[in-house]
Amino acid sequence: MKLNKEENGVYQIEADGQDAGWIKVSDTGEMQFELKEAYRHQHLMKQAVYQLTPLLHQTYPTLTAHVDEDQMDAWHLLEHNGYQLLKQQDHVRTYVHHQQSTSRREEKADGLVTLYLAGGCFWGVERAFQQLKGVKKTCAGYVNGNVENPVYEQVCQGDTGFQEAVRVDYDSSVLSIDKLMQAYFLCIHPEQQDGQGNDIGSQYETGVYYQDEALLPDLKRIFADEKKKHQVFAVRLGPLKNFYAAEEYHQNYLNKHPGGYCHIDFTILARIRKLNESES
């Protein structure tokens, strides 16, 4: 896929040497786009918007896009590229994308302990840890990959090295690391090497990552005990290399959409809540 800049703010999308569509940008940073029928089931437009967004931000601090509400493919691709819904009026959805002055790395919360837990689809993992008393903040995101500021569409391609994970900030005076990890191992299938449940792929693999070296002795002890229970143990343990918050629509997804997809069984969530009644 190539983007060719033409006159009047038009960027032509080329695929296999053929004209696949266009994106037009006004002198105020407003975008319109169209993908030809033969290419609408491919990822060309998502890739084009992904490539064009940082380029346009060199000129425009804020980008705007207007799409009809029935053009679901159009507004999905904007959301996948970090555009936020500003308003919906007269059957038109207006999206904005603000220039990022910093990366999407999350800053450490004062007075709390932080771990990064990969356990399959981060929608269910985030909801699971929100059941625990002492968890003060969660954030769905992408951990230990090899590109900066990844977007969901990139991670899904499987070549960025990122795993879907949840950053868990917790009060260690209320919640012990042993209980937190007990909840984690309730959530996952430690022997599965290529994903979790029906979610297959490297982005769904399991792992526990830390920044604070002081946590490592306890984590090694807990992992050693857990390994004894399994013939195969596929859960990684290692230092944090990087973490990027996922797009806003992924945050607290199952609170926003109670009937949404969750790979963690409700009985497991009940067992995690039961941990709140124990002292250890």
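Predicted model: local features only at pLDDT ≥ 70, side-chain atom pairs only at ≥ 80, totals over all residues.
The largest nonpolar core has 49 residues. Those with the most contacts inside this core are Leu 115, Phe 129, Leu 132, Met 181, Tyr 184 and Phe 185. Helix H5, spanning residues 177-187, gives the most to the core. Its contribution is eight residues. A second core is separate and holds 26 residues. Met 31, Leu 44, Met 45 and Ala 65 are among them.

Phe 129 illustrates the contacts made in the largest core. Neighbours within four places in sequence were left aside.

Aromatic rings were examined next. A search of the whole structure finds nine aromatic pairs. One joins Tyr 184 and Phe 185, whose ring centres are 5.2 Å apart. Their planes lie at 70 degrees, so this pair is edge-to-face. Tyr 184 has a relative accessible area of 0% and is buried. For Phe 185 the value is 10%, under the 20% limit, so this residue also counts as buried.

Phe 185 takes part in another pair, with Phe 223. The arrangement is again edge-to-face, with 5.7 Å from centre to centre and 70 degrees between the planes. This pair links distant parts of the chain. Phe 185 sits in helix H5, whereas Phe 223 sits in helix H6, residues 216-227. The two residues are 38 residues apart. Both Phe 185 and Phe 223 are buried. Elsewhere, Phe 122, Tyr 142, Phe 162 and Tyr 244 form one aromatic cluster.

S9 pairs with strand S10, residues 163-170, through eight bridges. The two strands run antiparallel. Within this pairing, Lys 137 stands opposite Asp 169 in S10. S9 is also joined to strand S15, residues 243-245.

Terms used
Residues numbered from 1 in each chain as written. Heavy atoms only, no water. Core = buried A, V, L, I, M, F, W, Y, C linked by side-chain atoms within 4.5 Å. Buried < 20%, exposed > 50% of the residue type's maximum accessible area, 1.4 Å probe, protein only. Helix = DSSP H or I, 4+ residues; strand = E, 2+ residues; numbered from the N terminus. Contact = heavy atoms within 4.5 Å. Phe/Tyr/Trp six-rings, centres within 6.5 Å; stacked < 30°, edge-to-face > 60°. Pairing = 2+ DSSP bridges.
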